[in-house]
Amino acid sequence: MAKYVVAIDSFKGCLTSMEANQSAKEGIKKKKSEAKVTQIPVSDGGEGWVDAFRAALDGELVETTVFDPLLRRIRAHYLLKGDTAVIEIAQASGLTLLAAEERNPMRATSYGTGQLVVDAVRRGCQHIIVGLGGSATSDCGIGMLRAIIDAFAKDYSWDEVTALRDVRFTIATDVQNPLCGENGAAHVFAPQKGATSDMVLSLDARAKRFADFSARHFGYDCQEMPGAGAAGGLGYAFLQYLHADCRPGIDLLLEAVDFDNQLNDATLVITGEGSADRQTLMGKLPFGILQKAKQHHIPVALIAGRIKDCQQLLDAGFSYVKCINPPDLPIEEAMKPETAKRNIKRTVEIIISETEVSGVKRCSYNLEL
């Protein structure tokens, strides 16, 4: 019996990982009703991080009131499993919480993320895994640190915070950028959060001042560490102030779901994301899936709503690289959830048909946009 493993990332603004996986499963079953299909919800630390871990570990969803990036009260949740918490910073500090006209990283704060950390610590958590993706902020985690200080320091000084002394933090990100400079948080990521060119310079200068002050205070400096620039500098705050370990999100998740065992006897792995190009090969989720599958000599099909650099993706080892959308499909129509579900199902049917006829082979479906 053929076995297929489906692990597709969310199509941002369109489908969750679970929805994309289910559509792919329907495409497989239409062609091979007897096939075994294993669905694995996935995330690299951004949207869907908590849901992916919940599917892997079970656990309890804890809901609490926090501040959004503009200090409005909202409800956010995180996962609690024993003495481990899994936090998705986008729940409290995410870009999707703001309307387009509200995006302003000079104002946006990560305070709500700190409130999630505080709640988890108060519930006795000893290990907190944090997905750093999709933030609206570029405050170097100052807001998060302030929330922790407000909760645990009587005289409002970081040096008085002892409640986190025995708590271990792991941050998940595929971002390798330092905190400051041309490759830092402000220059690379702040424009997509609403920053003008003048704001970028101000944010970078503010980050440098904060990091230099912190280095003098502690006697060590994490601003150049890979990942410090993640989530508007939240990565830096976790590294410098909370001594966090930094791991690629997909590695953490694949360990949690015991992905190696899931691959036993698999015929084909199907992964994907909203847009695939050469940047996919720089540590993004589908590339992590590919690397694992290669170790087991299992072919991998990559699907996406938009494809560029197709030959480079094939050369990297994907057996199939297929765009789910016809070239003349308007982006507004492609982004509709029902359209995306239908096109994923249809594309996977094509993949299964081709493997039935001639076995797994290297090819690309000519729907490149």
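Where is Asp 309 found, that is, in the loop between which strand and which helix? The model shown is predicted: local features need pLDDT of at least 70, side-chain atom pairs count only at pLDDT 80 or more, and totals for chains, interfaces and linings use all residues. Residues are numbered from 1 along each chain as its sequence is written, and side-chain values use heavy atoms, with hydrogens and water left out.

**View 1. Asp 309 in its loop.** Asp 309 is found in the loop between strand E10 (300-307) and helix H12 (310-316). Helices (H or I, at least four residues) and strands (E, at least two) are DSSP runs, numbered from the N terminus. Although Asp 309 is not a glycine, its phi is positive, about 55°. With a relative accessibility of 18%, Asp 309 counts as buried; buried means under 20% relative accessible area, exposed over 50%, and partly exposed in between (1.4 Å probe, protein chains only).

**View 2. The packing of helices H2 and H9.** Helix H2 (residues 49-57) and helix H9 (residues 249-256) pack at an angle of about 20°, and their axes are 9 Å apart. H2 is therefore roughly parallel to H9. Axes are lines fitted to C-alpha atoms, for helices over the stretch in contact, and angles run from 0 to 180 degrees between N-to-C directions. Angles under 35 degrees count as roughly parallel, over 145 as roughly antiparallel, 65 to 115 as roughly perpendicular, and the rest as oblique. On the H2 side, the contact (heavy atoms within 4.5 Å) is made by Trp 49, Ala 52, Phe 53, Ala 56 and Leu 57. H9 contributes Gly 249, Leu 252, Leu 253 and Ala 256. By class, the contact has 8 nonpolar, 1 polar and no charged residues. Here Ala, Val, Leu, Ile, Met, Phe, Trp, Tyr, Cys and Pro count as nonpolar, Asp, Glu, Lys and Arg as charged, and the others, Gly among them, as polar.

**View 3. The buried face of H2.** Trp 49, Val 50, Ala 52 and Phe 53 are the buried residues of H2. Seen down the helix axis, they fall within an arc of 160°, so they line one face of H2; the arc is that of the directions from the helix axis to the C-beta atoms. Their cover includes strand E3 (60-67), strand E4 (73-81) and H9. After H2 comes Asp 58, whose phi is positive, near 65°.

**View 4. H9 and the residue Asp 258.** Gly 249, Ile 250, Leu 252, Leu 253 and Leu 254 are buried in H9. Among the elements that cover them are H2, strand E8 (245-247) and helix H11 (285-295). Asp 258 lies in the loop between H9 and H10. Asp 258 is partly exposed, with a relative accessible area of 38%, and has a positive phi near 55° without being a glycine.

**View 5. Strand E5 and its partners.** In E5, 5 of its 5 residues are buried. Thr 84, Val 86 and Glu 88 point one way from the strand, whereas Ala 85 and Ile 87 point the other way. E4 and E5 run antiparallel and are joined by 3 bridges; two strands pair if DSSP finds at least two bridges between them. Leu 79 stands opposite Val 86 of E5. The two strands form a hairpin with 2 residues between them, and Gly 82 in the turn has a positive phi of about 65°. E5 and E6 run parallel, joined by 5 bridges, and Gly 131 in E6 is the bridge partner of Glu 88.
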